[in-house]
Amino acid sequence: MKSSPFSDLLKKTSHIHFYHLIFLVSVALAVIFCVFTVVQSARLGETEKQLSTLRGEAARANQLQSELQDLTKKYDEVSNRLAIKQSFSSTHTDNGAKIAYLTFDDGPSKNTGLLLQTLQQANVKATFFVIGLNCQEFPNAVKEEASAGHVVGIHSWTHKYPYIYANMANFKQDFTQLHDYLTAQLNTPPTICRFPGGTNNTVSKKYTKEPIMQEAVDWVEGMGIRPIDWDADAGDAESPIPTKEQIVQRVLKEIGHKNDPVILMHDFGNRTSTIEAVPLIVQQLQAQGFSFGTLSASTPSTLFKPVVKAAS
Ligand code: ZN
């Protein structure tokens, strides 16, 4: 059949329509693909953002947990220290009993034997705050003191202010060395100590940029060891060396009307006037109705009576 011009036109037109359709479908698919890709990318970006936020929150949670652990630890430490402080002071009984505490710092010395003999004759017990280096020089002294019924406490290994009060690391090193030494010598850890110069030692400020005294007291108490100062200074470390009569008078004056004085004296190797004064002090105080005791972590009313003037 011969084609008419009309059918030719129709053929041509439908051909064009077909390609046109293919083109439109392709464009549509491309557009859909692009939109899909853009949407997916946006979603991916959003998810990554959320992931990153979650990671940040997780890190923050970890940090908070760690901070919480630190705070809990600090709280426990403070609670422990508070409990120790309370146990120190809770035994205070102001019942008017007159009891005096003789304390001897800075020994042992070559006179320790004589001092122990004198205390035995006077039938009183005392408390010794010893220096580690002197213990090494007189290795049997602290055992003799303890076996005679006296109490041995920590004073300092070196007693060198420029070293021990320079910083906490030095203080701890010096203190721990004597603590461990006495624990080994006496088979029991010491429970009391006396800071060289007292807990409010103003001289220590010369040797440090930041005063460490309060931190040192807290640290010592945290170990369950009680620092004990004094409230009656015999003045026997002063220069010139006082006579036994001067020491007795000074002690009586310093005691005044106190019912439970902690008397500061020294176990020095270069003088015997302190030892000679001991029987006289005992006699005088006994005449006033005093008995004599040794210090312990629970001794009533001897907690923190620091003096401004430093001991030697
Ligand atoms: Zn001392």
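Which residues in α6 meet which residues in α7? Let's start there. On the α6 side they are M168, F171, K172, F175 and T176. On the α7 side they are E215, A216, W219 and V220. One caution before we go on: this is a predicted model.

Two packed helices are described by the angle between their axes and the distance between the axes. So let's do that here. Helix α6 covers residues 168–186, and helix α7 covers residues 213–222. Their axes lie 11 Å apart, at an angle of about 40°. Angles under 35 degrees count as roughly parallel, and 65 to 115 as roughly perpendicular. The pair α6 and α7 is therefore oblique. The crossing of α6 past α7 is right-handed.

Stay with α6 for a moment. Look at L186, which belongs to this helix. Its C-alpha atom is 6.3 Å from that of K143. Yet L186 and K143 are 43 residues apart along the chain. What does L186 touch, leaving aside neighbours within four places in sequence? The answer is V142, K143, A146 and V152.

Now step back to the whole chain. The protein chain has nine helices and eight strands. It has 312 residues, and 38% of them count as buried. Take the contacts between residues at least 6 apart in sequence. Of those, 80% join residues at least 24 apart.

Next, helix α9. It runs over residues 273–287, which is 15 residues. How far apart are the end C-alpha atoms of α9? They are 21 Å apart. At 1.5 Å a residue, the span should be 21 Å, so the two values agree. Still, α9 has a kink of about 25°. The kink is centred on P279.

Which residues of α9 are buried? They are S273, T274, I275, A277, V278, I281, V282 and L285. What do they pack against? Three strands are on the list: β1 at 99–105, β7 at 262–266 and β8 at 291–293. Two helices are there as well: α2 at 112–122 and α8 at 244–255.

Let's take those two helices in turn. First, α8. The axes of α8 and α9 come within 8 Å and cross at roughly 45°. That makes α8 and α9 oblique to each other. The crossing is right-handed. From α8, the residues involved are K244, I247, V248, V251, L252 and I255. From α9, they are S273, T274, E276, A277, L280, I281, Q284 and L285.

Then α2. Here the axes of α2 and α9 are 9 Å apart, and the angle is about 15°. Angles under 35 degrees count as roughly parallel. So α2 and α9 are roughly parallel to each other. L114, L115, T118, L119 and A122 of α2 make the contact with I275, V278, P279 and V282 of α9. Spot P279 in that list. The kink in α9 is centred on P279. As for handedness, α2 passes α9 in a right-handed crossing.

Now the loops. Start between β1 and α2. P108 sits in that loop. The peptide bond from G107 to P108 is cis, with omega near -5°. D106 is in the loop between β1 and α2 as well. D106 is not a glycine, yet its phi is positive, near 75°. Is D106 buried or exposed? Its relative accessibility is 7%, so D106 counts as buried.

Move to the other end of α2. N123 lies in the loop between α2 and β2, where β2 is 127–131. N123 is not a glycine either, and its phi is positive, about 60°. Is N123 buried or exposed? At 64% relative accessibility, N123 counts as exposed. The cut-offs are under 20% for buried and over 50% for exposed.

One last loop. P240 is in the loop between β6, residues 232–233, and α8. What kind of peptide bond joins S239 and P240? The bond is cis, with omega about 0°.

To recap α9: the helix has a kink centred on P279. α8 is oblique to α9. α2 is roughly parallel to α9.

Notes. Residues numbered from 1 in each chain as written. Predicted model: local features only at pLDDT ≥ 70, side-chain atom pairs only at ≥ 80, totals over all residues. Heavy atoms only, no water. Helix = DSSP H or I, 4+ residues; strand = E, 2+ residues; numbered from the N terminus. Expected span 1.5 Å × (residues − 1). Bend = angle between axes of the 7 residues up to and from the residue. Buried < 20%, exposed > 50% of the residue type's maximum accessible area, 1.4 Å probe, protein only. Contact = heavy atoms within 4.5 Å. Axes fitted to C-alpha atoms, helices over the stretch in contact; angles between N-to-C directions. Parallel < 35°, antiparallel > 145°, perpendicular 65-115°, else oblique. Left-handed = near helix turned anticlockwise from the far one by under 90°.
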